Amino acid sequence: MAGLNLQPQIVNGLLKLDLSNQGLTSIPEEVFDITDLEVLDVSNNKLTNIPEAIGRLQKLDTLSAYSNMLTSLPHAIRSLQELKLLVVYNNDLSMLPDGLESLENLEYLNVKNNKLTKLPSKVFSCPNLVVLNVGNNKLSTFPAGVEKLQKLTKLYLHSNELTEVPSGVYSLSNLEVLCVARNPIRRLSDDITRLTRLKSLIVADCHFDEFPRQVLHLKTLEVLYAGQAGGSKFDMVPDELEDLQHLWYLSLENNLLRTLPSTMSHLHNLRVVNLWNNQFDTFPEVLCELPAMKELDIKNNSITRLPIALHRADKLEDLNVFGNPLTYPPRHVQGTRAIMTFLKQQGENLQPQTVNGHLKIDLSNQGLTSIPEEVFDITGLEVLDVSNNELTSIPEAIGRLQKLNRMDAGGNMLTSLPQAIGSLSKLTHLYIYDNRLTELPPWICSLCNLEVLVVGNNRLSTLPPDIEKLRKLTNLHIHDNQLKEVPQAICSLLNLEVLVTGNNRLSKLPPGVGRLQNLRELFINDNQVKMLPLGVFSLFNFEVLDVSNNKVSTLPPGAKNANLREVYLYNNKFDTFPEVLCELPAMEKLDIRFNNISRLPTALHRADKLEDLDVSGNPLTYPPQDVCKQGTAAIMAFLKHETAARKSDNMETASETELERKLRERREKNAQMQQQGSKQRDQTSERMDTSIGATPVPPQAAGTKARVGLVRKQTLTLKLTEDNTAQDKELQQAFNRLSLKVALNQWKPIARELGVSKKEIKDIESPTQRGHESEKRRSVEGQLSDEVERRYPSVTIDRRFPIVASERLEEQSILGRGGFAYVTKARHLDWRQDVAVKCLLTRKIEGSPEGSTITHAPPEYFADINLPPNAKFDVYSFGVLLWEIVTRQQPYALAANSALITMAVTMGQRPDLTLIPTDREDVTSVSQLMQTCWSQNPEDRHSFDDCADRLRHVKDRFSREEIRQAIITVEKMKV
């Protein structure tokens, strides 16, 4: 006991000795000598008994001996007449001593947490007892007489073995607190309603299988504990709970509740609510209507989201949602304050705003796993943005938003779409990109007013077959999916302006894409496409084309597109520059990187608005690399300069052309020429009333071998008909650009080495005969006689070619025919040498326009019989001639008569394209050229300059040796 302070202190006006928490096993004897002691605290020690000497402390008011190991109380206690508080809980008492009834001033008796099996009935004779706590003992019965305790306000009978509330309890008119928790009580007596001053009722962990309805009549009740832990639980709360208007504490934990009555919203004083360990899978919305609520424990349920409306419970300070599979608010939002702040912000977002005249709610980037139910109550909503959240579904309640015209649900985890979305008849914009959709449901096609559909970056492998029903669709984004084809039905969407199909598994586009006349932007990048549909470059409104990262090697022909601004062709299979790109006057950007192009065409300079040209990654040799490195401006300037230089080259003299003709004819054998002439003589068309231009052809020197390399070139002779125009000069210039020129000071030595006589050389220099009269001299100079000018007033003359009379020619044999002219070989009687003669027809044969055959006549002739032939006629015929060259067949060979040909051509039919080989890129290029030449609209046809440029690119793919071998092969086939 050394060091123990036994000096009492005055506390709250009472003399007190505090020996608590001293580890005492007995009370020091000296304590009992302090006879004036009023408060003795020996709690939290190791006392096993209190000595009878306690009776000497006659002024004792309070004895606290709780939390010891007392097994009994001394009988001397009954002599402490001033004792008011006896606190001996948490001991090992099995019984209370007799005579406690003599403690007439006893007000507080706490013997809980002992081992009492019964109470002495006389304890109820303490007339001033206010608080009696006998909880957590082993009482199975309660002695009669408790009703005598009329001053009792608090009675604790919890954690015993009582099966009912002692009947005398209901007579305690001043009782305010009744605790019978953790007893096997199954129901409360209706007599409980007699406790008219009861404020706290604790019936937790009883065996109620339904809510104790009797408590609903306790109008003064403020605290109700009705949580259950045993096998019996209740699953509903009556609506009459609202009658407990003074209730501020409600505990309904450990039950089977899924809902709460909406009438709870009338409990305006409710501050604490415990609902943990129930079966709520949705948050009870009525709790959002409790303005006084400060504490809410709803842990260990199955709630996935908190309603945004909970932010209206703005006095909530302690919210426990632990143990729920909450996905909303997001997991990173932790703690009551953070949750309430988040919900408040969301509540503000749920207030629709008028944006651009439309009622809009923006819930994007909020981490939502579901759309708040409150959204679907805003039936006037027009724009809903729930993008970039964690939504896995959209509820069918979306169908309630019948005024919705725009919905953005992109950037979520959607795997399906609700059927109700098909009922949103006013929807014009639907964004469901970046989700996990594997299909588009058919009801999407019911959105008759849909204009924009963005479903990129999903897992789609097909599109619904009825997509053609979306007649008003202008923008379709189906990129970054798993599509292997684009359905033909899309070509029926005639209002489509933007089509984005990039990064799929496409190998082609449907051919009808060329019919989408409103198409402005086409993206087919990052696929496996090898060829674009015909007509793409003829789309009038076309502005952007992206074909990057595909396998395209050629582009289809098309008319000059006045609007195409951006073209992306990088990382494809182009070996030559697509000529159609030269016809895009509005093109500002061209990306053709990483192909296999070796030269750019000079015609590209015509795209004079091109400001951004990227040709890196190509093995370019023309323009030179030093020019390409300087950028777009330098390349375009170079091409423009080269074009001007070529035009200058076209001014070379006729002697160069005649030398080339001389070399060509000397390389051919006379026998072959005669054989060919005899075979074709009977095919020569009837003689026309025409003037004929002739070019002298020197005799062939059989077996002569050229010592210099020359490119063969077809001779261009003079047209002499009334329908002739300036196109001869245009065609001559085109053919000149295809030839290899020989300088003027070089051709005579070459001719001599080939065995050409001096006289023949002189004839080439001046093909007119000495002694001819002035009229012939005028003809050589390119002037017409008066008679010829009168007969053929529209004829224009090339000064290099003489005019001869047809009667001076004999033994004519046809060399070739097509379009509006044919070429023959004839013997000139005066010059005594062979000449090549080009004849332009001047009258119609078998329903053909003047100078033509019906198979080569363009459709505009049949539409307007008075339309005179022009350059566009010739280009059309040239296209048919290319078809003949490629297929080696006659066009329309199966037509029964010319009337059928006329009808077919007028309706847009052309020679059979299925006869053209498709396994060679050079043939494909020629095929595209011929189709452009015979376009239905004359303005869509190329000029002969353009034709020559395109044919040059085809020729440049082959070496001279390859060309020579090809010619030999053709000659053998002819024999």
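**Contacts, strands, helices and salt bridges in a predicted model**

Among contacts in the protein chain (heavy atoms within 4.5 Å) between residues at least 6 apart in sequence, 37% join residues at least 24 apart. This is a predicted model, in which local features need pLDDT of at least 70 and side-chain atom pairs count only at pLDDT 80 or more, while totals for chains, interfaces and linings use all residues. Residues are numbered from 1 along each chain as its sequence is written, and side-chain values use heavy atoms, with hydrogens and water left out.

The protein chain contains 16 helices and 33 strands. Both are DSSP runs numbered from the N terminus, helices being H or I with at least four residues and strands E with at least two. Of the 975 residues in the protein chain, 52% are buried. Buried means under 20% relative accessible area, exposed means over 50%, and partly exposed lies in between, with a 1.4 Å probe and protein chains only.

Strand 17 (residues 358–362) is a place to begin, with two pairings to follow. Two strands pair if DSSP finds at least two bridges between them. Strand 16 (residues 353–355) runs antiparallel to strand 17, and three bridges join them.

The axes of helix 12 (residues 871–887) and helix 15 (residues 944–955) come within 10 Å and cross at roughly 25 degrees. Axes are lines fitted to C-alpha atoms, for helices over the stretch in contact, and angles run from 0 to 180 degrees between N-to-C directions. Helix 12 and helix 15 are therefore roughly parallel to each other, a term for angles under 35 degrees; over 145 counts as roughly antiparallel, 65 to 115 as roughly perpendicular and the rest as oblique. Asp874, Val875 and Phe878 in helix 12 meet Phe944, Cys947 and Leu951 in helix 15. The residues of this contact divide into five nonpolar, no polar and one charged. Here Ala, Val, Leu, Ile, Met, Phe, Trp, Tyr, Cys and Pro count as nonpolar, Asp, Glu, Lys and Arg as charged, and the others, Gly among them, as polar.

The structure holds 22 salt bridges, each a side-chain nitrogen of Lys or Arg within 4 Å of a carboxyl oxygen of Asp or Glu. One of them joins the side chains of Glu240 and Arg213 (3.7 Å, N to O). Glu240 lies in the loop between strand 11 (223–225) and strand 12 (249–251) and Arg213 in the loop between strand 10 (200–202) and strand 11, so the pair ties together parts 27 residues apart in sequence. Glu240 is partly exposed at 36% relative accessibility, and Arg213 is partly exposed at 41%.

Another salt bridge joins Lys589 and Asp612 (2.7 Å, N to O). This pair links distant parts of the chain, with Lys589 in strand 27 (residues 589–591) and Asp612 in strand 28 (residues 612–614), 23 residues apart. Salt bridges that share partners also join Glu579, Glu583, Arg606, Asp946 and Arg950 into one network.
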